[in-house]
Amino acid sequence: ARNMSLTSLRTDAPPRLRALAIAIFAALALSVFAALPAQADGDSTEDIVRNVDIAVQIDASGIAHVTETYTWDFGDRNGLGFYRSLVQYAGWEDDTSLMRQYVYSNFEISSPSGAPAEVWVEDEYGTLLILSVGAPDGSSDTRTGVQTYVLTYDIEGSLNAITDTSGNPAQEEFFWNPLEDWDNDIESATVAITGPADVVDLACYAGPFGSDDPCTSYTSEGGTA
């Protein structure tokens with residue numbers, strides 16, 4: 001009886017049912033066509049960094065462990081990710097023949113929002129080390145709207161040794177430009193630096209490169225600035 005019933009449905013279905021089956025198939029075919037992966041498009045300089053939070057943990061050996069959390073808004077465009085520039089070399093105005101070198105290592109990236117998360121050295125331009133974050137050029141794994149990225153890495157060479165002179169106790173000074181001039185607007189940025197000893201002095205500047213305008217607010221408590 002079961003076999004006879006199946007045969008009846010296959011050969012004697014009313015015309016209305018056959019038409020419905022064809023219509024559903026056509027709709028599915030259109031859906032597959034519309035779901036082709038998007039390519040990166042638009043002007044990446046119009047992306048907005050809604051917030052960037054930078055946390056630096058300096059260990060007793062002088063290595064700075066950095067965690068950067070980005071809230072990145074691609075808007076309506078299909079975006080692959082973004083570039084991150086880090087200062088590799090910095091001059092010393094007291095002796096222009098000398099230059100500090102910041103050595104970076106152990107780059108890792110993740111995305112709590114599920115965006116593609118790879119990181120690699122894209123280029124070295126002048127004093128800058130330029131990272132690519134996200135998906136590589138040509139990838140169809142794009143994202144729109146607000147995405148979150150967490151970038152981590154280590155820095156060696158970021159501390160200045162201040163000797164015990166003029167009545168000042170020996171100190172270690174962490175001196176670093178966490179954010180260079182960007183093509184993208186940054187709505188808000190916070191930087192927290194924690195070391196193995198209490199903070200005894202603090203300065204913070206914001207604005208175009210070289211600005212000596214103070215940050216909106218800054219303070220310290222214990223070992224954190």
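Tyr 153, at 1% relative accessible area, is buried.

## About the model

This is a predicted model, in which local features need pLDDT of at least 70 and side-chain atom pairs count only at pLDDT 80 or more, while totals for chains, interfaces and linings use all residues. Residues are numbered from 1 along each chain as its sequence is written, and side-chain values use heavy atoms, with hydrogens and water left out.

The average pLDDT (the predictor's confidence in each residue, from 0 to 100) is 83 for the protein, and 81% of the residues score at least 70. Over residues 1–34, pLDDT stays under 50, and the model has two contacts beyond four places in sequence for them (a contact means heavy atoms within 4.5 Å).

## Aromatic pairs

Across the whole structure there are eight aromatic pairs. Rings of Phe, Tyr and Trp (its six-membered ring) pair if their centres lie within 6.5 Å; planes under 30 degrees apart are stacked, over 60 edge-to-face and the rest tilted. One of the pairs is edge-to-face: Phe 82 and Tyr 149, at 5.3 Å centre to centre with 75 degrees between the planes. Because Phe 82 sits in strand S3 and Tyr 149 in strand S9 (residues 146–156), this pair ties together parts 67 residues apart in sequence. Strands (E, at least two residues) are DSSP runs, numbered from the N terminus. Phe 82 and Tyr 149 are both buried.

The ring centres of Phe 107 and Tyr 153 are 5.7 Å apart and the planes are at 45 degrees, so that pair is tilted. Here too distant parts of the chain are linked, with Phe 107 in strand S6 (residues 103–110) and Tyr 153 in strand S9, 46 residues apart.

On a 1 Å grid over the protein atoms alone, a pocket is an open set of points where a 1.4 Å probe fits, with protein on both sides within 12 Å along at least five of seven lines; lining residues have an atom within 4 Å of a point.

Of its 27 lining residues, Ser 44, Gly 81, Phe 82, Tyr 83 and Asn 184 are the closest to the centre. Strands S3 (81–87), S7 (118–125) and S8 (128–134) are the elements that each give two or more residues to the lining, and S3 gives the most, with five.

Conventions
Helix = DSSP H or I, 4+ residues; strand = E, 2+ residues; numbered from the N terminus. Buried < 20%, exposed > 50% of the residue type's maximum accessible area, 1.4 Å probe, protein only.
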